[in-house]
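Student: I have a model open and want to learn how to read it. Can we go through it feature by feature?

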Amino acid sequence: MPVTVTPLHKHFMAEIGGVDLTRPVAPETFAEIRAAFDRHAILVFHGQPVSDTQQVEFSALFGPVFTTTRYHRPQEVQDRRKEMSPITNIDHEGRILPPDDDRRMHARANQLWHTDNSFKHVPALCSLLSAREIPGTGGNTEFADMRAAYDALPEARKQEIDRLIVEHSIFHSRAKIGFTDYSDGARRELPPVQQVLVRELPESGRKALYIAAHASHVIGWPVEKGRQLIAELMEFATQPEFVYSHRWRAGDLIVWDNRCTMHRATPYAEMTERRVLYRTTVSDEINSVERQSMLSPRKAGAAHHA
Ligand code: OGA
Ligand code: MN
C-alpha cells in the first residue's frame, strides 16, 4: 500500500492514507510518515482502532514515550498501559465524571492554547491522540501553526524576539483557570523551566514560536513586559489564518509536533455526552535552551543581536 499525504490546510496538517497502525509499521513506511511530519507538523490518520500497545509501539518510532500517570486515579492507571493518558470525561467504571471532579480541571486547562509538556525541562517532541468515543457535536481540537505565525511576523519583531528565553510553569497555566491551591511539595515536583521563545527545527531549518498557556514571562525582562509580549504573540499566532479545527471521528489518530504547533480543546456537552481519547507523548531529546547553546554557543542567552 503506498503511503498518501494529502494537505488539509495551506500552512500545515496532512491526512495520511495507505497505512494500517494496527499492524507493525515497516521502517521504510515510517520514514515516509516522519518526512511528512517534518514537513506538515500534524498528521491525521482515519480508521485506526488501535490498542494501547499498538499506539505505544507506533509512538515509540518517534522517540522515547513518557509515562504519564501523575494526574490519574490508581484504578485507571492499573487498567491501562502506563504510557496512556486518558483525555476523557468518563471514569474507570464508565460513568460520566461528577461536575466537581478534579479531573475536569485538566479538561478546562486543555481549552487554553498550549503545547504539551513545555513546562518540563525536556519538553515533548510530539503527542499522539487516538479517538475512541466522540460526542455528536462539539469537542473539536483546534491546532495552530507556529512556523507560519513566526514567518508572518514583521522583521523587526523577529529580531527583537529571536534570542529571548521564557519561563514556563504548569502553575502559571493552572492559575489562569483559577487553580492556585498547590502545596510546596507539588510545586517543587514541577519547578519552572526555561525554553527558547523561537525554536529552530533541526529537520527543516524552519523557525517557530514556542509559546503556550504555560509560558509565563521573559527571562531578564520586567515580568509584566514579558507577559505583555507573550500575550501579543499568542494573539497573533492564533489568528484564523494559522488555525485548523479538527472534527473528530472515532478511530482517528492525530500526531502533532509540539515544538512548532499549539492546540486547544473546545467545548461539548460534557455532562451528558461521552468523549474518550487516549494520548501518548514522546519526549524531545534535550531542553530547548540547551539545544540552542549547542548550536550557537556564543549567541545563546543574549537578549539582543550583535
Ligand atoms: C491533549 C489535548 C485537546 C482535546 O490531549 O494534549 O490538549 O481536544 N487535547 O482533547
Ligand atoms: Mn494538550
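Student: Which residue of β3 is the bridge partner of isoleucine 16?

Tutor: Phenylalanine 45. This is a predicted model, and the pairing is read from its coordinates. Three bridges join β2 to β3, residues 42-45, and these two strands run parallel.

Student: What does β2 pair with on the β1 side, and how do β1 and β2 run, parallel or antiparallel?

Tutor: Antiparallel. Four bridges join β1, residues 4-7, to β2, residues 14-17.

Student: How many residues lie between β1 and β2 in the hairpin?

Tutor: Six. In that turn, methionine 13 has a positive phi of about 75°.

Student: Now the ligand. Which classes of residue make up the shell around ligand 1?

Tutor: Four nonpolar, four polar and three charged residues. Among those surrounding ligand 1 are Trp256, His263, Arg275 and Arg279.

Student: Which side chains place a polar atom by an oxygen atom of ligand 1?

Tutor: Threonine 141 does, at 2.6 Å. Histidine 114 does, at 3.1 Å, and asparagine 110, at 3.5 Å. Taken alone, ligand 1 exposes 290 Å², and the protein buries 99% of that.

Student: Where does pLDDT stay under 50?

Tutor: Over residues 300-306, for which the model has eleven contacts beyond four places in sequence. Where pLDDT is low, the predicted coordinates should not be read in detail. For the protein chain, the mean pLDDT is 93, and 93% of residues reach 70 or more.

Key: Residues numbered from 1 in each chain as written. Chains lettered and ligands numbered in written order. Predicted model: local features only at pLDDT ≥ 70, side-chain atom pairs only at ≥ 80, totals over all residues. Heavy atoms only, no water. pLDDT = per-residue confidence, 0-100. Contact = heavy atoms within 4.5 Å. Near = heavy atom within 4 Å. Polar contact = N/O pair within 3.5 Å; in protein donor to acceptor, adjacent residues only side chain to side chain. Areas by Shrake-Rupley, 256 points an atom, 1.4 Å probe, with all protein chains shown as cover. Nonpolar A, V, L, I, M, F, W, Y, C, P; charged D, E, K, R; others polar. Pairing = 2+ DSSP bridges.
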